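Work through the exercises below with the structure open. Try each task before reading its solution.

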Amino acid sequence: MLVVETLIAVTIALTTAFGGLVADDVISADGSCTISGVPDLWSHHCTSLPRLAWFLGSAGLLIAMMALRHWMINRNGTLYYLRLLPAASADHLRGAMDMARARSLDFRTATGWFGAVGDVLDLRADVARVSDELERAMNDDDEATGYLFAPNLSFPAALSVGYDVLLRERTSLAEVPEEPRSTRIPGGDTGMRTVYFDDGYDEWSSRDWATHHETPDPDITLTTVVEPRVDRHEVKRVWLSLQLGPTGPVSEVDAQYPLRDTCDVVIVAGPVENVGGEVHLRPWELPVGRWIPGSSGRKIDPKAFATLVVELSGAIEHVLDDYPEATVLLCGDLPRSVGFALGYVISERKDNQIIGKRPDLHLPQPGDSAAERIQAHAENAGLSSLSRFWASVTPVLVHLGEARPTLVHPAQRAEIVAALAEQP
């Protein structure tokens, strides 16, 4: 940005200087140099063609530099660092953020730590503080700039902050490496990967949503590891694990956590392949596009990223449709940017009609309240089951080898989450 601002200052000086010389040529021209003669006014007898060339060249360069500055402000803008991690964890992104700050026009933070103690974690106050600080910083920011979010949030916190945020136009998300590049080459690769996510009004709010089972060639496959032994309406707990990146047998995913054993159904959602007759998670990486000079080094393919997040939200919706009376314990091993984006997309998808949704999945049950019966009828008419996301889904924090149900949003029912730590 410093180089661009310097070039703008130099071109303004050149344009002003040569513009003055050209104007002087025009003003001091004699009677033989008439505009009616068109070519005569700019002939070598009336004005200096080199002065005119310098003037037009510097003016063209000035326009180009101003356009580049406008593009950089829109797309590079303010970098927001969002951190909410267990106090026992280390912030491995500090070095990378120092590198990223050098490429941004402004820098804001909304950070905090929390204690991971107890069978059930209550992070609602910590998450609300980060969300409030983020909203305040965005309201105080220059709306002419772009917004770049670099989330470093635990999985439950990422869902909640992403769910509540009101994104503006020209929003991008960043996946920041734990080991940044050691050199600061102008236009070089810093290791940070960004994806253009926009604000949702064109990309998300106007989208036509379809059920997960109608997705052509899906990357995210739902694999049921533990089958239900009762009618689906009688299933009380479902373990749903979103996996991107890890490899190995699907049957071993999260098997070390006692909390998973309390569930009637265990489902793993992720890219899979068949290895020796057994279903394995296959290697996966963020869909990185071509190399583009600038603050982010390499860009993530926005269409592939959007498709991925839509599939993940559809997988959660699919499970809520299949087990409408159950509490879903949601565990995730996802890139930080994907977890944040998933929370936002859930909030956009939850109020919409879903194309291809099968009717009569969520039947009213004896003892349902009036609100629960209305919800059931709405879902049977095509409303997304994600409209009851926080009522039916409890995020799980995995930390230091333990998995704990977590309260992160005011819409969750504390008594239900507290009961999840108990044996059914």
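## Exercise 1: Helix 5 against helix 8

Task: Find which residues of helix 5 meet which residues of helix 8.

Solution. This is a predicted model. Start on helix 5: Ala158, Leu159, Val161, Gly162 and Tyr163 make the contact. Their partners in helix 8 are Gly339, Phe340, Leu342, Gly343, Tyr344, Ile346 and Ser347. Next, sort the residues of this contact by class: eight are nonpolar, four are polar and none is charged.

Now turn to the geometry. Two packed helices are described by the angle between their axes and the distance between the axes. Helix 5 covers residues 155-164, and helix 8 covers residues 336-349. The angle is about 45°, and the axes lie 7 Å apart. Angles from 65 to 115 degrees count as roughly perpendicular, and those under 35 as roughly parallel. Helix 5 and helix 8 are therefore oblique to each other. Their crossing is right-handed.

## Exercise 2: Helix 7 against helix 8

Task: Describe how helix 7 packs on helix 8, then list the residues in contact.

Solution. Locate helix 7 at residues 302-322. Its axis is 9 Å from that of helix 8, at an angle of about 65°. The crossing of helix 7 and helix 8 is right-handed. Helix 7 brings Phe305, Leu308, Val309, Val310, Leu312, Ser313, Gly314, Ile316 and Glu317 to the contact. Helix 8 brings Ser337, Val338, Ala341, Leu342, Val345, Ile346 and Arg349. Last, count by class: eleven nonpolar, three polar and two charged residues.

## Exercise 3: The largest pocket

Task: State which elements line the largest pocket, and which supplies the largest share.

Solution. Begin with the volume: the largest pocket holds about 910 Å³ of space. Its lining has 34 residues. Nearest the centre are Gly332, Asp333, Leu334, Pro335 and Arg336. Then look for elements that each give at least two lining residues: strand 1 (78-86), strand 4 (147-153), helix 5, strand 16 (327-333), helix 8 and strand 18 (393-399). Strand 18 supplies the largest share, with four residues. By class, the lining splits into 17 nonpolar, nine polar and eight charged residues.

## Exercise 4: The largest cavity

Task: Say how many cavities of 30 Å³ or more the structure holds, and what lines the largest cavity.

Solution. The structure holds three such cavities. About 60 Å³ of space lies in the largest cavity. Its lining consists of Thr211, His212, His213, Gly314, Glu317, His318, Asp321, Gly356, Lys357, Arg358 and Leu361. Sort this lining by class: one residue is nonpolar, six are polar and four are charged. Gly314 and Glu317 also take part in the contact of helix 7 with helix 8.

Key
Residues numbered from 1 in each chain as written. Predicted model: local features only at pLDDT ≥ 70, side-chain atom pairs only at ≥ 80, totals over all residues. Heavy atoms only, no water. Axes fitted to C-alpha atoms, helices over the stretch in contact; angles between N-to-C directions. Parallel < 35°, antiparallel > 145°, perpendicular 65-115°, else oblique. Left-handed = near helix turned anticlockwise from the far one by under 90°. Contact = heavy atoms within 4.5 Å. Nonpolar A, V, L, I, M, F, W, Y, C, P; charged D, E, K, R; others polar. 1 Å grid on protein atoms, 1.4 Å probe; cavity = no way out; pocket = protein on both sides within 12 Å on 5 of 7 lines; lining within 4 Å. Points joined across faces, edges and corners; volume = space filled by probe spheres on them.
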